[in-house]
Amino acid sequence: MNWIYDPWPWYISGPLITLIMVTLLMIGKRFGMSSNLRTLCTICGADKAADFFKFDWKAQRWNLIVVIGVIIGGFIANNFLSNDTSVDLNPKVITDLQAKGFESAGTAYMPDMLFSNGALTDPKALTLLIIGGLLVGFGARYAGGCTSGHAISGLSDLQIPSLIAVIGFFIGGLVMIHFIFPLIF
Amino acid sequence: MRSIIYLVIGIFFGIVLFKSEAASWFRIYEMFKFGSFHMYGIIGSAVTLGIILVQLIKKYNIKSVYGEPVVIPPKARSIKRYLFGGILFGLGWALAGACPGPMFVLLGAGYLPIFIVIVSAIFGTFLYGALKDKLPH
């Protein structure tokens, strides 16, 4: 059972994600995490500001329960199902990240520069986290879905809009890493 | 009862995202640097198996456990909204290193700064809702 405590390989993890998507389909639901961000807006009163948020959020209650599960899952996996959470990256990527100041590359799960508690008082880290979050939330809703709804669920159903969205995800990601990162790190 | 099923699905999904390292900022960076097959393997195997199972569900008209037809509503035809929205999402995905599922995984795993990302993502969603009619779709 020791394999549980090691990082799980792609050929186990990928099919398990499919299993989750198909299980949701079989109980009459659809896989989509970013919809929850819209639901949370409505709960916070955004329906008073824009029609986009006027919908019966209680019909999405099931998805919020999934989110609560995801939070608990992250807690369990990190605290009880892992011995060492450092990510075994490509050595070239480690060298490249360390040259950019990401000293924890290769020895941690997340970069200290952005995700240690010290980042909460670092203006640069805070600014980047806020911009990143804004883009993810805005972009996911504009595109009508995120990695779960488009890349997994939509592509599995061979939907062209999802393919366009996923191509967009990769254009954006490549531009950020190859052209914008050299300017900010 | 159904709530417990949703909770268990969520817990399982959270564990898979954490243990697969798909929730690691480093893995997303490495993916966009084409430094490893890992993330491509996860997405590729998930989609390949997903295509097979969804086609089987359609071909044999398999019903959900509650006896209803399984429907994945087709997304409205457009190029602009998927491309522009997708690019903005991709920029944020690479910067924050987390998409809307992993964000909540990382919150549970105790990486407190992810809370800033989650609140910003909710606000980003609100901005889209407020500006929706002014954007090309």
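Okay, one definition before anything else: I call two residues in contact if their C-beta atoms, placed from the backbone, lie within 7 Å. With that, take B:Ser120: leaving aside neighbours within four places in sequence, B:Ser120 is in contact with A:Leu129, A:Ile130, A:Gly133, A:Leu134 and A:Gly137.

Quick housekeeping. This is a predicted model, where local features need pLDDT of at least 70, side-chain atom pairs count only at pLDDT 80 or more, and totals for chains, interfaces and linings use all residues. Residues are numbered from 1 along each chain as its sequence is written, while chains are lettered from A and ligands numbered from 1 in the order in which they are written.

So, chain B. Its secondary structure is six helices and zero strands, where helices (H or I, at least four residues) and strands (E, at least two) are DSSP runs numbered from the N terminus. The C-alpha trace of chain B spans about 45 × 40 × 35 Å along its principal axes. Of the 137 residues in chain B, 58% are buried; buried is 20 or more other C-beta atoms within 10 Å of a residue's own, exposed is 12 or fewer, partly exposed is in between, and the C-beta atoms are placed from the backbone. If you take the contacts in chain B with a separation of 6 or more, 46% of them join residues 24 or more positions apart.

Back to our serine. B:Ser120 sits in helix α6 of chain B. Why does B:Ser120 count as buried? Because B:Ser120 has 23 C-beta neighbours inside 10 Å. For scale, B:Ser36 is 84 residues away from B:Ser120 in sequence and 30 Å away in space, C-alpha to C-alpha.

Now the helix itself. α6(B) has 18 residues and runs 25 Å from first C-alpha to last, close to the expected 26 Å, which is 1.5 Å times one less than the number of residues. Its buried residues include B:Ile114, B:Val117, B:Ala121, B:Gly124 and B:Phe126. What covers the buried residues of α6(B)? The cover includes α2 (35–43), α5 (112–115) and α6 (123–143) of chain A, along with α4 and α5 of chain B.

On to the chain-chain contact: 100 residues come from chain B and 108 from chain A. On the chain B side, those residues split into 65 nonpolar, 25 polar and ten charged. Here Ala, Val, Leu, Ile, Met, Phe, Trp, Tyr, Cys and Pro are nonpolar, Asp, Glu, Lys and Arg charged, and the others, Gly among them, polar.

Two helix pairs to look at. The axes of α1 (residues 10–26) of chain A and α1(B) come within 10 Å and cross at roughly 160 degrees; axes are lines fitted to C-alpha atoms, for helices over the stretch in contact, with angles from 0 to 180 degrees between N-to-C directions. That makes α1(A) roughly antiparallel to α1(B) (under 35 degrees is roughly parallel, over 145 roughly antiparallel, 65 to 115 roughly perpendicular, the rest oblique). Residues in this contact include A:Leu16 and A:Ile20 of α1(A), and B:Phe12 and B:Phe13 of α1(B). The contact of α1(A) with α1(B) has eight nonpolar residues, two polar and no charged.

The other pair is α8 (residues 160–184) of chain A with α4(B): their axes come within 6 Å and cross at roughly 40 degrees. So α8(A) is oblique to α4(B). The residues of that contact divide into 20 nonpolar, six polar and no charged.
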